[in-house]
Amino acid sequence: MVASNSFGSDTTSQTVTIGCVHAAFISGSDYSISVSPVPSDGLLSVHYNLDRANTIVSVKVRNILGQIISDEKVKLAEKDETKMLDLRRSPTGIYFIEFNVSDSGNAKEQFKHYTVKVILE
């Protein structure tokens, strides 16, 4: 990229590399969750990087109409773990994956709620 002002000075040259994003990614100060590949044939890899081990994550998949396609609880023994999510029996289209991560292990636990959009081709 070359930029200059109307007098032809202050020219800057910079190389910019642009890559394709093939994952849906959400993150915060103490967590990240990525879903790949996007778009997908239905077999998705979900990578969790959470602030603590032994966490149970509720994973719901909804279609574009809001209907629940899949609803499961995933037990993560480690803080950094990858699990597979199989949606290959679902028709092509747009889906929303909702993640509810428990904040604590007590009876009045709070949940963090995250949603990502994926496309099945």
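Mentor: Start with the side chains of E98 and R62: a polar contact of 2.7 Å joins them. Before we go on, note that this is a predicted model, where local features need pLDDT of at least 70, side-chain atom pairs count only at pLDDT 80 or more, and totals for chains, interfaces and linings use all residues. Residues are numbered from 1 along each chain as its sequence is written, and side-chain values use heavy atoms, with hydrogens and water left out.

Trainee: Why is the E98 and R62 pair called a polar contact?

Mentor: The rule asks for a pair of N or O atoms within 3.5 Å; within protein, one must be able to donate a hydrogen and the other to accept it, and residues adjacent in sequence count only if both atoms are side-chain atoms. The value for E98 and R62 is 2.7 Å.

Trainee: Is E98 buried or exposed?

Mentor: Buried, at 14% relative accessibility. Buried means under 20% relative accessible area, exposed over 50%, and partly exposed in between, with a 1.4 Å probe and protein chains only. R62 has 23%, so R62 counts as partly exposed.

Trainee: Which residues is E98 in contact with, leaving aside its neighbours within four places in sequence?

Mentor: Contact means heavy atoms within 4.5 Å. E98 reaches S58, V59, K60, R62, H113, Y114 and T115 that way.

Trainee: How many salt bridges are there by this rule?

Mentor: The count is 3. One of them pairs E81 with K83, with the closest N and O atoms 3.2 Å apart. Another joins the side chains of D86 and R88 at 2.8 Å, N to O. Both distances are within 4 Å, so both qualify.

Trainee: How do you know whether D86 is buried, partly exposed or exposed?

Mentor: D86 has 44% relative accessibility, so it counts as partly exposed. R88 has 48% and falls in that class as well. K83, at 28%, is partly exposed too.

Trainee: Why is E81 called buried?

Mentor: E81 has 15% relative accessibility, which is under 20%, so the label holds. E81 sits in strand β8, residues 80-86. A polar atom of the E81 side chain lies 2.9 Å from the backbone nitrogen of E78. Beyond four places in sequence, E81 is in contact with V46, H47, Y48, K75 and L76.

Trainee: What makes the 25 residues a nonpolar core?

Mentor: A nonpolar core is a set of buried Ala, Val, Leu, Ile, Met, Phe, Trp, Tyr and Cys residues joined through side-chain atoms within 4.5 Å. The largest one has 25 residues, and V35, Y48, I97 and F99 have the most contacts inside it. Strands β3, β4, β5, β6, β7, β9 and β10 each supply at least two residues of this core.

Trainee: Which residues make the nonpolar surface patch of about 380 Å²?

Mentor: I64, L65, I94 and I119. A patch takes residues with over 30% relative accessible area and no salt bridge; nonpolar side chains (Val, Leu, Ile, Met, Phe, Trp, Tyr) are joined within 5 Å, like charges within 9 Å. Areas come from the Shrake-Rupley method with a 1.4 Å probe, and for residues only the protein chains shown count as cover. I94 has 35%, so it clears the area cut-off while counting as partly exposed.

Trainee: What is the phi of N54 near?

Mentor: Near 55 degrees, a positive value in a residue other than glycine. N54 lies in the loop between β5 and β6. Its relative accessible area is 51%, over the 50% mark, so N54 is exposed.

Technical notes. Helix = DSSP H or I, 4+ residues; strand = E, 2+ residues; numbered from the N terminus.
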